[in-house]
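Visitor: I have a few questions about this chain. Could you walk me through the model?

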Amino acid sequence: MAGAPAKAAQLPATAAQASSTTAAVHTAVPTAANPLPSVDPVGDPANFSVLVNKSRPLNPVSYAPGDLVNARGSGQYLRAEAAAWLNGLFQGAADAGTGGLAVVSGYRSYAQQQQVYSYYVSIYGQAQADLISARPGHSEHQTGLAVDVGNANGSCGLSTCFGDTPAGIWVAANAHKYGFIVRYPNGYTNITGYSYEPWHLRYVGVDLATDMKRRGFPTMEQYFAGNPSVYASITSGADLVAADSSGRLLRYPAHGGGGYGVPTVIGSNWHGLKQAFVVDWDSDGVYDILAQWDNGTLGLFTGWPGGAFSTQIVVGTGDWDKMTITVGKWSAAERFPGVVGYFPDGGLRYYPNTMGRSLIYRVDIGSGWAGMGLTMADWNADGANDILATTTSGHLLSYPGNGNGGFAGLPLTVGSGWGTMKALVPSFGLSGPGTRSITAHTVDGYLVDYGLGAGAWGAQRQVGNGWNGMKLFK
Ligand SMILES: [Zn+2]
């Protein structure tokens, strides 16, 4: 899917020259600040991709996860998602005839780790203790994502011989299917800082674990090489993604100064799209693509931290081609972004994304929406997304969201003359850290970026031209 930068002549330009505006706007009342999406999963202690080792303590060092559960009733605790996948792992090991697994150790708090480490130092001295135990704030067990496992019969407990037992062999070959990796493999002490521990499993999620396996990275350190986000196909909420008329998928990297750099081809054969969206659908800190196909399928392509995308995961089937949709966190309490959209009958529906995968049910939240263009953005910066809707008469209306899957009050007219827009794309950080904007694709092929304040428009300028024939991913 990845490829060399495409030839400029075949691509729309992105010159940032001064522009006459194509839509009139007026202001509303400012309110509060707006949270921005995280783009550094490796540094976020709550992210399943977090990289913790001797030189990368948790930040903050006293971090404690909020969703610990008793893993398999063992009295050892793990974060809920890791515990759920551990059930599958144990079932798989049992089904394979290995004799089964047992939970030995799970979550350890900062204070508990301090006791463990001090105990080892008192017995072995600091140098040896550092090889087999983590200093407080530096342990994967403090993330709630690490679990030490052993044979159900207790043999080879916390010993390297576990790796030679049927269960240990099976775990090393199959843990990735359940989102786990053997974190300290044999022969990589100089990289991980730890002796071989075939029993220490770390939950990183199926996508990352599978990608490490597929591409042959034995350790997280090598996989991320100190800087994960540079490898992801879409690295920033300010990057622009579009498909051209020959079906190539192009990423225009935001250069931080309010414009875009040279595009890279990140995919091909993207024909038959009604619309597509760049969104972190599974909330793993790496942008994914949600594709709404002309054949009625809604498909997910999860971005891998190491670059490129998964093959399509179908998250919806049926008449999705007949819907006009927008994608984002419509309910602030939801962990994953969902879909808001309408059929030609004009009935507006909210589809919560409860699993980070398939859409399972819908909620009716409005009527009379036929003919509107939809974009989800936090217009009034109250922390809850709003629906920006272009009407058939070219007005731009902001319907305030209540942050709970519904609306809070009447719409506000925030612009007129927007009938000349083919697409409106929310953007984060295009004009520098913390900035928000709406990038508009005009019918005559210009890209115009409209700064977003708190319920007010900021500066507007042209950021591209010649985009006729391009399909901008919302
Ligand atoms: Zn461990």
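Visitor: What share of the 474 residues in the protein chain is buried?
Guide: This is a predicted model. A residue is buried if 20 or more other C-beta atoms lie within 10 Å of its own. Of the 474 residues in the protein chain, the buried share is 43%.

Visitor: How many helices and how many strands does the protein chain have?
Guide: Helices and strands are both present in the protein chain. The count is seven helices and 27 strands.

Visitor: Among contacts between residues at least 6 apart in sequence, what percentage join residues at least 24 apart?
Guide: Take the contacts in the protein chain whose partners are at least 6 apart in sequence. Those joining residues at least 24 apart make up 52%.

Visitor: How many contacts beyond four places in sequence does the model have for residues 226-230?
Guide: Over residues 226-230 the pLDDT stays under 50. For this stretch the model's contacts beyond four places in sequence number seven.

Visitor: Which residue in β9 does Ala242 stand opposite?
Guide: Strand β8 covers residues 240-243 and β9 covers residues 249-252. They run antiparallel and are joined by four bridges. Opposite Ala242 stands Leu250.

Visitor: Which residues have the most contacts inside the largest nonpolar core?
Guide: This core has 69 residues. Val340, one of the residues asked for, touches Trp330, Leu374 and Met376, among others. A second, separate core has 38 residues, including Leu89, Val147, Tyr178 and Leu201. In the largest core, the residues with the most contacts are Ala242, Val278, Ile289, Leu290, Val340 and Phe473.

Visitor: How many of the six residues of strand β5 are buried?
Guide: Strand β5 covers residues 146-151. It is largely enclosed by the rest of the structure, because the buried residues among its six number five.

Visitor: Which residues stand opposite Asp148?
Guide: Strand β4 (residues 101-105) pairs with β5 in the antiparallel sense over four bridges. Three bridges join β5 to β7 (residues 197-203), and these strands also run antiparallel. Opposite Asp148 stand Ser105 and, in β7, His200.

Visitor: What is the average twist from one strand to the next in the sheet β15-β16-β17-β18?
Guide: Four strands form this open sheet, and the pairing is antiparallel. Its edge strands, β15 (324-328) and β18 (363-366), each pair on one side only. From one strand to the next, the twist averages 25°.

Visitor: Which residue in β17 does Val339 stand opposite?
Guide: Strand β16 (residues 338-342) pairs with β17 (residues 348-351). The sense is antiparallel, over four bridges. Opposite Val339 stands Tyr351.

Visitor: Is Ser367 buried or exposed?
Guide: Ser367 sits in the loop between β18 and β19 (373-377). Beyond four places in sequence, Ser367 touches Gly346, Gly347 and Leu348. Leu348 is 19 residues away in sequence and 5.6 Å away, C-alpha to C-alpha. Ser367 has 11 C-beta neighbours inside 10 Å, so it counts as exposed.

Visitor: Is Ala381 buried or exposed?
Guide: Ala381 lies in the loop between β19 and β20 (386-390). Its phi is positive, about 55°, although Ala381 is not a glycine. Most residues other than glycine have a negative phi. With 20 other C-beta atoms within 10 Å, Ala381 is buried.

Visitor: What is the phi of Cys156?
Guide: Cys156 is in the loop between β5 and α4 (166-174). It counts as partly exposed, because it has 18 C-beta neighbours inside 10 Å. Cys156 is not a glycine, yet its phi is positive, at about 60°.

Visitor: Is the peptide bond from Asn59 to Pro60 cis or trans?
Guide: Pro60 lies in the loop between β1 (24-25) and β2 (68-70). Most peptide bonds are trans. The bond from Asn59 to Pro60 has omega near 5° and is cis.

Key:
Residues are numbered from 1 along each chain as its sequence is written. This is a predicted model: local features need pLDDT of at least 70, side-chain atom pairs count only at pLDDT 80 or more; totals for chains, interfaces and linings use all residues. Two strands pair if DSSP finds at least two bridges between them. Helices (H or I, at least four residues) and strands (E, at least two) are DSSP runs, numbered from the N terminus. A nonpolar core is a set of buried Ala, Val, Leu, Ile, Met, Phe, Trp, Tyr and Cys residues joined through C-beta atoms within 7 Å. A residue is buried if 20 or more other C-beta atoms lie within 10 Å of its own, exposed if 12 or fewer, and partly exposed in between; C-beta atoms are placed from the backbone. Two residues are in contact if their C-beta atoms, placed from the backbone, lie within 7 Å. pLDDT is the predictor's confidence in each residue, from 0 to 100. Axes are lines fitted to C-alpha atoms, for helices over the stretch in contact, and angles run from 0 to 180 degrees between N-to-C directions.
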